[in-house]
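Keep the picture open as you read.

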Amino acid sequence: MVLHDGVVDDESPDAPDGIEVRVRAMLRSAASRLAEAGARDEALATYVGRRRVLLVPREPVLRPVGRVWRLGVLLVDRDGQAYETGSTTRAVDPGRRGYTSDSARERAEYRAAALRGRFHEGETVNFGWRRLELDEGALHSSSGPLVIADGAPVVRWGQGTANSTPLGAYLADRVGLLVEPPSGA
């Protein structure tokens, strides 16, 4: 396996290990490098809408699930599990409620739900994500960002594989940006 900026990269179709093993190794290597560098991570949460508990109304809340690094269209946790990004908000005071648009009201509700989830003020919270299945069959039939194209794992954005990058190169690039951000970022 070849290392690109500290990230395992072995994407040749005739590599001895199966695709799932190689994908998991690349993701674990990326997570390890990010952890060692102390790269900034973000909260992973699930959204729980309005409900009643024993007849007591409860407001929506974003419940903490874990921590992840945002690598473009992927979220990766410390164990090397990958997730498809969903929505993002910040845990901040939602401000006044006199909005003119439904989308502004919705964004404010998500910010308030993050505060109710006891996230630190200003923290970035990811929700609406989807855990990616990493077995070879799932990657071949995936409609998400991580797929098999020409026998190798690639990360894509948008439809088709026209906008795609080999997984190892993608991870090396994104990890590099988190570990050593460009000046002014």
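**A sheet and what surrounds it**

Start with the open sheet: seven strands in the order 9-10-3-6-7-8-11, with mixed pairing. Two strands count as paired if DSSP finds at least two bridges between them. At the edges stand strand 9 (87–90) and strand 11 (130–131), each with a single partner strand, so one side of each has no neighbour in the sheet.

Before going further, a word on where this comes from. This is a predicted model, in which local features need pLDDT of at least 70 and side-chain atom pairs count only at pLDDT 80 or more, while totals for chains, interfaces and linings use all residues. Residues are numbered from 1 along each chain as its sequence is written, and side-chain values use heavy atoms, with hydrogens and water left out.

Strand 9 and strand 10 run antiparallel and are joined by four bridges, with threonine 89 opposite valine 125 of strand 10. Valine 125 is also the bridge partner of alanine 43. Strand 3 and strand 10 run parallel, joined by two bridges. Strand 3 also pairs with strand 6, this time in the antiparallel sense and over seven bridges; there, leucine 44 stands opposite glycine 66.

Buried residues make up 41% of the 185 residues in the chain. Among contacts (heavy atoms within 4.5 Å) with a separation of 6 or more, 57% come from residues 24 or more positions apart.

**A cluster of rings**

The structure holds four aromatic pairs. Rings of Phe, Tyr and Trp (its six-membered ring) pair if their centres lie within 6.5 Å; planes under 30 degrees apart count as stacked, over 60 as edge-to-face, and the rest as tilted. One of the pairs is tyrosine 47 with phenylalanine 127, tilted, at 6.4 Å centre to centre and 35° between the planes. Why does this pair tie together parts that are 80 residues apart in sequence? Because tyrosine 47 lies in strand 3 (residues 42–48) and phenylalanine 127 in strand 10 (residues 124–127).

Phenylalanine 127 has another partner: tyrosine 110, in a tilted pair with 4.6 Å centre to centre and 45° between the planes. Here too distant parts of the chain are linked, with tyrosine 110 in helix 2 (residues 102–116) and phenylalanine 127 in strand 10, 17 residues apart. Put together, Tyr47, Tyr110 and Phe127 form one aromatic cluster.

Definitions and conventions. Buried means under 20% relative accessible area, exposed over 50%, partly exposed in between (1.4 Å probe, protein chains only).
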